[in-house]
Amino acid sequence: MTQPSLNTTFDTSVIDLSQPETVQFTGSFSTTDTDPSEFGAPTEVVEDTAKPSIPSSSDETPKPSQDTPRPSTAVTSSVPKPVRHMDTTAAYDAWAPVYDTDGNILQKVDDIELEKTLPVFLDMVKATAEESPKDAYKIVDLGCGTGRNTRKLLQHKWKLPRGATIDIVGVDASPGMLARADEKLLPIEEEISEGAEPAPVRLSLFQHDILYPTDLSSSPDPLPTRADALISTLVLEHVPLSVFFAALSRILLPRGVALITNMHPEMGAKSQAGFVMADAEGKRVKVRGKSYVHTVEETVKAAQEVGFELVGEVMEREVEDKMLEEGLLGERGWKWVDCKVWYGVILRKK
């Protein structure tokens, strides 16, 4: 298994917001907790100057463009917290230790929807492979994070032509998230490959940030290309549409298929990815990377402009009472009832 390429040393259990003091994670507000500050109440905005960062939305004049971050707003009864804007990768490094367990509503909805959507998508991958048999196939999980969905690809019951192999490739900008993915996925890969020579399913993890695509040749782990299929779940929020789909176009072979999921713009108008941590003085601070609100129409149009076609219909999901009543979501999901929180598309490269 290829280890994550960690170009810098980072203790993923803490994050230093003030130097040299450390802070403690206290919870996620990504699609779960929001403040009246996001509706215009006073909020202390603290810029992280200790690390290089992409300019935050608070530093920009919003423009009606798909590549411009849009401010998020939401209502809650809690006291406004200061907001710390950070480089997105550094924010996810800090979030990594608890990312899988902090009760994020959107992740849970994504899991529910993928139970139905991922098998359909993988059947399409199989059908494409049967049309053009070969010795090796590659599927990329772009923005794999802690390997939540990479694991599903790894454990899928692949029916390959005799002697063929399949490479599952996880790509993420955050070394902290990749370290967690490595811990989670290595035992699974070893179990699958035990007794097989060579292993029919192989796993590798790559650190790569698609926001900086200009000089791939200098990267120790360049962006994987010539893939037959790709999934990217809850990643698009952090990337301009033009950059994201340019990366997909580079990665996928002609006729390759992609499954993309993202925060719905109805939810994006009220919340964005981030989490709450306590600073050195015990004060609760919101930590945010950079987020964009992409509409469904903008997403489909941007994909089509670089040579992708939409397969089937756009999928959308709102939170329903029964999802809470059946215990599928946590209590914090009640405030999202009747709000569309998720959308997904399946695309094929022409």
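**Exercise 1.** Which residues gather in a patch of negative charge on the surface?

*Solution.* Keep in mind that we're working with a predicted model. Start with the acidic side chains, since Asp and Glu count as negative. The ones that come together in the surface patch are Asp321, Glu325, Glu326 and Asp338. Now zoom in on Asp321, which sits in helix α8, residues 321-325. Patch members need over 30% relative accessible area; Asp321 has 38%, so it's partly exposed.

**Exercise 2.** Which strands hold Glu309 and Arg255?

*Solution.* Begin with the pair itself: their side chains form a salt bridge, 3.6 Å from N to O. Glu309 is in strand β11 (residues 308-318) and Arg255 in strand β8 (residues 252-263), so the bridge ties together parts 54 residues apart in sequence. Check the surface too: Glu309 is partly exposed at 30%, and Arg255 is partly exposed at 43%.

**Exercise 3.** Which residues are linked with Lys322 in a network of salt bridges?

*Solution.* Start from Lys322 and its bridge to Glu320, with the closest N and O atoms 3.8 Å apart. Then widen the view: the network links Glu113, Lys116, Arg317, Glu320 and Lys322.

Terms used:
Residues are numbered from 1 along each chain as its sequence is written. This is a predicted model: local features need pLDDT of at least 70, side-chain atom pairs count only at pLDDT 80 or more; totals for chains, interfaces and linings use all residues. Side-chain values use heavy atoms; hydrogens and water are left out. Patches are made of residues with over 30% relative accessible area and no salt bridge: like charges are joined within 9 Å, nonpolar side chains (Val, Leu, Ile, Met, Phe, Trp, Tyr) within 5 Å. Accessible areas come from the Shrake-Rupley method with a 1.4 Å probe; for residues, only the protein chains shown count as cover. A salt bridge is a side-chain nitrogen of Lys or Arg within 4 Å of a carboxyl oxygen of Asp or Glu. The place of a charge is taken as NZ of Lys, CZ of Arg, CG of Asp or CD of Glu. Helices (H or I, at least four residues) and strands (E, at least two) are DSSP runs, numbered from the N terminus. Buried means under 20% relative accessible area, exposed over 50%, partly exposed in between (1.4 Å probe, protein chains only).
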